Amino acid sequence: MHRNRLTTVALTALAPVSWGSTYFVTTQFLPADRPLFTGMMRALPAGLALLALTRRLPRGDWWWKSVVLGALNIGAFFPLLFLSAYRLPGGMAAVIGSVGPLWVAGLAALFLGEKPTLRTLLTGIAAALGVSLVVLKAAGSFDAIGVIAALGSSASMSAGTVFTKRWGRPEGAGPLILTGWQLTAGGLLIAPVAFFVEGAPPALDGRNIAGYLYLALVNTAVAYWLWFRGIGRMTATSVTFLGPLSPLTAAVIGWAALGQALAPVQLLGMAIAFGATLAGQIGTGPKKPSKGSYRSVLLKVMPQNFRWT
């Protein structure tokens, strides 16, 4: 793997590694049973801080694009993720969410012309299997709403990844600017739902504030900046194969900080999921549309001033 690409992969991987700490911070530092408020506090302060830092607002069609991407990557993803975690037993939500690479493979074929290979599909299945061995506990009662929410959160983030790749960035706008737009839009979408469902914000002590600061700055602002930066430099499929690092990190933190034992089958699952993550980065550099692909044909017949948006 080329050194520059290795650096890009390593930096992008820090995002799901950071997200793997969310469960620990939420349970140890934050008020209980306030998932929507927590989602808003993760996104909105971080987005507003980045807007103040970059001092640039969207222009033209990037107003609605930012809202769409903010809804997919943040506004819909956070509430659905928390809803599934509250309604499903053990790590079932993480298992369902681990099918993200398969969602992205299908969407990337449809919107980006990235034809999925048999290796991609098998690697995606292996990643889901590995995650299931790590996090899936004893089964509980089936909850249809929880399953739909888990599938919805995975599909939402996957669609956000693909459309972030498809639309790119406006001229002169770096990934930090794009991150600020999306976090602000997503946070503003969550805010009214949080107040309607959960009521007024809870009273916060110093421990709560420290937890929210970590989530907003490290876990969200920096992590999503690295994630969107990676999407701009890697294929959508290779980026999403870094996703299993999140539940793996959560398992390691649970073992190291909370004294949660790791059984041999969980260690096997970690090895399988990590191997699938590495396999997802091999031979997945940016490719031009194949000679007979639908996009290459359209590029020949469309007017020269046509823009892919």
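Me: In this predicted model, what makes the pairing of Asp-61 and Lys-65 a salt bridge?
Reply: The side chains of Asp-61 and Lys-65 come to 3.6 Å, N to O, and since the rule asks for a Lys or Arg side-chain nitrogen within 4 Å of a carboxyl oxygen of Asp or Glu, the pair qualifies as a salt bridge.

Me: Are Asp-61 and Lys-65 buried or partly exposed, and how do you know?
Reply: Buried means under 20% relative accessible area, so Lys-65, at 3%, counts as buried, whereas Asp-61, at 27%, counts as partly exposed.

Me: Why is it said that the salt bridge of Glu-198 with Arg-34 ties together separate parts of the chain?
Reply: The closest N and O atoms of Glu-198 and Arg-34 are 3.4 Å apart; Glu-198 lies in helix 10 (residues 175-198) and Arg-34 in the loop between helix 2 and helix 3, so the pair ties together parts that are 164 residues apart in sequence. Glu-198 is buried, with a relative accessible area of 19%, and Arg-34 is buried at 13%.

Me: Why are helix 8 and helix 14 called roughly antiparallel?
Reply: The axes of helix 8 (residues 118-135) and helix 14 (residues 264-279) cross at roughly 150° and come within 7 Å; angles over 145 degrees count as roughly antiparallel, and therefore the two helices, helix 8 and helix 14, are described in that way. Residues making the contact include Ala-126 and Gly-130 of helix 8, and Gly-269 and Ala-273 of helix 14.

How values were computed. Residues are numbered from 1 along each chain as its sequence is written. This is a predicted model: local features need pLDDT of at least 70, side-chain atom pairs count only at pLDDT 80 or more; totals for chains, interfaces and linings use all residues. Side-chain values use heavy atoms; hydrogens and water are left out. Axes are lines fitted to C-alpha atoms, for helices over the stretch in contact, and angles run from 0 to 180 degrees between N-to-C directions. Helices (H or I, at least four residues) and strands (E, at least two) are DSSP runs, numbered from the N terminus. Angles under 35 degrees count as roughly parallel, over 145 as roughly antiparallel, 65 to 115 as roughly perpendicular and the rest as oblique. Contact means heavy atoms within 4.5 Å. Buried means under 20% relative accessible area, exposed over 50%, partly exposed in between (1.4 Å probe, protein chains only).
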